[in-house]
Amino acid sequence: MKFFTIPPNSQLELMHEGTMGYFCLAQHYHSNKAYRKFFKEQKKKGAWILMDNGSGDHNMITEDILFECMKDLMPNEVVPPDILFDRDKTLFSLNSFIYKMRQENLLKESEIFAVPQGKTKEDWLNCYEEMLNNSDVTTIGLSKLGVPYAWLGEVKDDQNIMEARHECIEELINNNLIHKPLHLLGMGNPLEMLKYKLLDNSLFRSTDSCNSIWSAMNGLDWNKEQFERIPTPKDYFDREMTVDQISLAKSNIQWFNQLLTK
């Protein structure tokens, strides 16, 4: 499994430490000139880029703005709007976004990464299967917010991410429902990923998180098994990092890479 790193906007160079490529948050691409310049530079270098809609950060932009950002950058993958905990609106948004891409002949330029949502496990699974059966969807993302809410009964605030997604994955495996690459959106405890590594299935493709960096900003050393989950603050992307924090972040990222590869 590969991974993206998501640093504060003051330290975008920490994205280079990831092994999957570059995770572009469309809300920042739209509003932050330096952020936009950084991603255009990576695009020119031939980097692999995923453009996210911001739903997991409670900062989702409109479908129209996302579409224009996508056209401006032309990332390898784009995540159409997923409406937290709402199956019907999520599927409507997915189909609407795909329709717009087809109208402009862009489906071969940027692949579709879809994120299931639902109020209940049954809702979520129905949404997942709709996406699985949609030939325009190439990758499915398991939300750190949507899965716990559906699986464990309206859990909010980034709680029980590992436990809920483990249950979800078991159900998908037991019902033979893993046929497209999966991406784990966000992370609580990095040890969550051990399960997917042990399954030894290439369809468990990737994950993204700011956790390795935010942990370092709070003095948590993953080499010392300091995995305490500290909620990410709303101003995370506006924060500065000290030299020591940057060094510890790189150490945490290296530890995580070894967890996934050894």
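Guide: Start with contact: it means heavy atoms within 4.5 Å. Keep in mind that this is a predicted model.

Visitor: Which residues in α3 meet which residues in α4?

Guide: From α3 come Glu 63, Asp 64, Leu 66, Phe 67 and Met 70. In α4 they meet Ser 93, Ser 96, Phe 97, Lys 100 and Met 101. By kind, the residues of this contact of α3 with α4 divide into five nonpolar, two polar and three charged.

Visitor: At what angle do α3 and α4 pack?

Guide: Helix α3 covers residues 63-73, and helix α4 covers residues 87-103. They pack at an angle of about 40°, and their axes are 11 Å apart. That angle makes α3 oblique to α4. The crossing of α3 past α4 is right-handed.

Visitor: What span should α4 have?

Guide: Count 1.5 Å a residue. The 17 residues of α4 should then span 24 Å. The end C-alpha atoms of α4 are 24 Å apart, which agrees.

Visitor: Which residues of α4 are buried?

Guide: Buried means under 20% relative accessible area. In α4 the buried residues are Thr 90, Leu 91, Ser 93, Leu 94, Ser 96, Phe 97, Ile 98 and Met 101. The buried residues of α4 pack against α3, β4 (77-78), β5 (111-114), α5 (121-132) and β6 (137-143).

Visitor: Now Gln 42. Is Gln 42 buried or exposed?

Guide: Gln 42 sits in helix α2, residues 33-44. Its relative accessible area is 3%, so Gln 42 is buried. Leaving out residues up to four places away in sequence, Gln 42 touches His 16, Tyr 22, Ala 47 and Ile 49.

Technical notes: Residues are numbered from 1 along each chain as its sequence is written. This is a predicted model: local features need pLDDT of at least 70, side-chain atom pairs count only at pLDDT 80 or more; totals for chains, interfaces and linings use all residues. Side-chain values use heavy atoms; hydrogens and water are left out. Axes are lines fitted to C-alpha atoms, for helices over the stretch in contact, and angles run from 0 to 180 degrees between N-to-C directions. Helices (H or I, at least four residues) and strands (E, at least two) are DSSP runs, numbered from the N terminus. Angles under 35 degrees count as roughly parallel, over 145 as roughly antiparallel, 65 to 115 as roughly perpendicular and the rest as oblique. A crossing is left-handed if the near helix is turned anticlockwise from the far one by less than a right angle, and right-handed if clockwise. Ala, Val, Leu, Ile, Met, Phe, Trp, Tyr, Cys and Pro count as nonpolar, Asp, Glu, Lys and Arg as charged, and the others, Gly among them, as polar. The expected span of a helix is 1.5 Å times one less than its number of residues. Buried means under 20% relative accessible area, exposed over 50%, partly exposed in between (1.4 Å probe, protein chains only).
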